[in-house]
Amino acid sequence: SIKNINILDCTLRDGGYYNQWNFDSKLVKKYINSIKDSKIQIIEIGFRFLSNSKLYGPFAYSKDSLLSKLKFPNTTKISVMLNASDFDKKNYKKQISKLFKKDSIKYISIVRIACKQDEIPLAINLSKLLNNYGYEVFINLMQINLIEENELIKILKKLYLNKKTISCFYFADSFGSLVPSETKKYCKLISK
């Protein structure tokens with residue numbers, strides 16, 4: 001039913017690809033005020049990148065120091081995105097501890113992990129760790145249209161086995177190539 005739909009708005013996170021996550025403070029304030037008037041439940045404010053490139057603006061990192069200055073609506077959860085590809089299979093625990101401090105939970109409720117098919121095991125490990133930190137974790141599978149159906153079923157089964165640490169599953173039309181009939185097919189498969 002339509003009442004059960006939750007909206008995640010990723011305007012700043014996704015829009016940052018066009019301006020390297022350098023948003024004017026007036027625009028951000030206007031954006032947050034417009035969110036207050038909407039029924040949007042989750043704002044994905046930006047990423048948490050491991051690198052500290054000076055080419056990127058503050059929303060590429062969404063540090064606690066930035067988030068503490070923004071006045072979000074009390075009814076809205078704040079999310080950040082991680083790219084599983086940024087993490088090393090052996091050092092991911094140390095890398096996560098650099099990105100998320102104990103106080104981060106005051107500002108962020110949800111961490112969404114973007115991953116490709118071959119990064120699913122790492123994404124599951126990241127989800128377990130982040131869930132232990134107190135975050136809700138969403139998995140965002142990219143390039144779903146490139147995955148064979150039998151392989152997708154295996155991925156979905158793995159994710160289902162980890163449903164205690166993964167709250168939500170997203171699939172992305174990464175290259176704008178999904179047509180409505182394919183999307184319907186994926187939705188049925190995922191629901192099953």
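Y17, W21, F47, F49, Y56 and Y61 form one aromatic cluster. The model here is a predicted one, so let's work through it with a few exercises.

**Exercise 1.** How many aromatic pairs does the count come to, and how is the pair of F47 and F49 arranged?

*Solution.* Start with the total: the count comes to twelve aromatic pairs. Now take F47 and F49: their centres are 4.5 Å apart, with 20° between the planes.

**Exercise 2.** Are F47 and F49 buried or exposed? And what kind of pair do F49 and Y61 form?

*Solution.* Both F47 and F49 are buried. Next, look at F49 with Y61: it's 6.2 Å centre to centre and 85° between the planes. An angle over 60 counts as edge-to-face, and that's the label for F49 and Y61.

**Exercise 3.** Which parts does the pair of F49 and Y61 tie together?

*Solution.* Find F49 in the loop between β2 (42-47) and α3 (64-67), then Y61 in the loop between β2 and α3; the pair therefore ties together parts twelve residues apart in sequence. Check burial too: F49 has a relative accessible area of 10%, and Y61 has 8%. Buried means under 20%, so F49 is buried, and so is Y61.

**Exercise 4.** Where do the charged ends of R112 and K185 sit?

*Solution.* Take R112: its charged end sits over the ring of Y170, 4.5 Å from the ring's centre. For K185, the charged end sits over the ring of Y186, 5.0 Å from the centre.

Conventions. Residues numbered from 1 in each chain as written. Predicted model: local features only at pLDDT ≥ 70, side-chain atom pairs only at ≥ 80, totals over all residues. Heavy atoms only, no water. Phe/Tyr/Trp six-rings, centres within 6.5 Å; stacked < 30°, edge-to-face > 60°. Buried < 20%, exposed > 50% of the residue type's maximum accessible area, 1.4 Å probe, protein only. Helix = DSSP H or I, 4+ residues; strand = E, 2+ residues; numbered from the N terminus. Lys NZ or Arg CZ within 6 Å of the ring centre and 35° of its normal.
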